[in-house]
Amino acid sequence: SGGERIRVAPGGPNRTLKNVLQEKGLSRWQRQNLPCLFHDGRLAWMASVGIDAGYRCPEGGEGLSPRWTMALPGSSVVE
């Protein structure tokens, strides 16, 4: 919806998602079509960006890492 913020690196700044995506060289239409995961209204993960540092597991800890892939029209993905 706009104005989302993410902290990509632990101890790093909390930055606008728009700036992070622009630095990655993604066009506006590409940015608008990337999936996001939110937790309690806070951006936790976005495709092409990664997970917010506040949601990362401690060193050696177990956790989950979302993965997003696009299938070609008419194809199926089996994992």
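Tutor: Our questions and answers below concern this predicted model.

Student: What pattern does the protein chain follow along the sequence?

Tutor: It reads β-β-α-α-β-β-β. The protein chain has two helices and five strands.

Student: Why is Gly11 called exposed?

Tutor: Compare its value with the cut-off. Exposed means over 50% relative accessible area. Gly11 has 75% relative accessibility, so it counts as exposed. Gly11 sits in the loop between strand 1 (5-6) and strand 2 (15-16).

Student: Why does Glu4 count as buried?

Tutor: Buried means under 20%. Glu4 has 18% relative accessibility, so it counts as buried. Glu4 lies in the segment before strand 1.

Student: Which residues does Glu4 touch, not counting residues up to four places away in sequence?

Tutor: Glu4 touches Arg15, Thr16, Leu17, Phe38 and Leu43. A touch here needs heavy atoms within 4.5 Å. Take Arg15: it is eleven residues from Glu4 in sequence, and the C-alpha atoms are 8.5 Å apart.

Student: What makes strand 3 and strand 4 a pair?

Tutor: Count the bridges. Pairing needs at least two bridges. Four bridges join strand 3 to strand 4, and the two run antiparallel. One example is Phe38, whose bridge partner in strand 4 is Leu43.

Student: How do you know that strand 4 and strand 5 pair?

Tutor: The cut-off is at least two bridges. Strand 4 and strand 5 have two bridges, in the antiparallel sense. Trp45 stands opposite Ile51 in strand 5. Met46 stands opposite Gly50 in strand 5.

Student: What order do the strands take in the open sheet?

Tutor: The order is 3-4-5, with antiparallel pairing.

Student: Why are strand 3 (36-39) and strand 5 (50-51) the edge strands?

Tutor: Each pairs on one side only. The general rule is that strands of a sheet pair through backbone hydrogen bonds.

Student: Which residues in the hairpins take a positive phi?

Tutor: In the hairpin of strand 3 and strand 4, Asp40 has a positive phi near 50°. That hairpin has two residues between the strands. The hairpin of strand 4 and strand 5 has three residues between them. There, Ser48 in the turn has a positive phi of about 75°.

Student: What makes strand 4 mostly covered?

Tutor: Four of its five residues are buried.

Student: Which residues make up the largest nonpolar core?

Tutor: There are eleven: Ile6, Leu17, Val20, Leu21, Leu26, Leu34, Leu43, Trp45, Met46, Ala47 and Val49. Helix 1 (17-23) and strand 4 (42-46) each supply at least two residues of this core.

Student: Why is it called a nonpolar core?

Tutor: Its members must be buried residues of kinds such as Ala, Val and Leu, joined through side-chain atoms within 4.5 Å. The eleven residues form such a set, so the name applies.

Student: What does Val49 contact, leaving aside its neighbours within four places in sequence?

Tutor: Val49 is in contact with Ile6, Val8, Leu17, Val20, Leu21 and Lys24.

Student: How much of the whole protein chain is buried?

Tutor: Buried residues make up 20% of its 79 residues. The accessible surface comes to about 6100 Å², and 52% of that belongs to carbon and sulfur atoms.

Technical notes:
Residues numbered from 1 in each chain as written. Predicted model: local features only at pLDDT ≥ 70, side-chain atom pairs only at ≥ 80, totals over all residues. Heavy atoms only, no water. Buried < 20%, exposed > 50% of the residue type's maximum accessible area, 1.4 Å probe, protein only. Areas by Shrake-Rupley, 256 points an atom, 1.4 Å probe, with all protein chains shown as cover.
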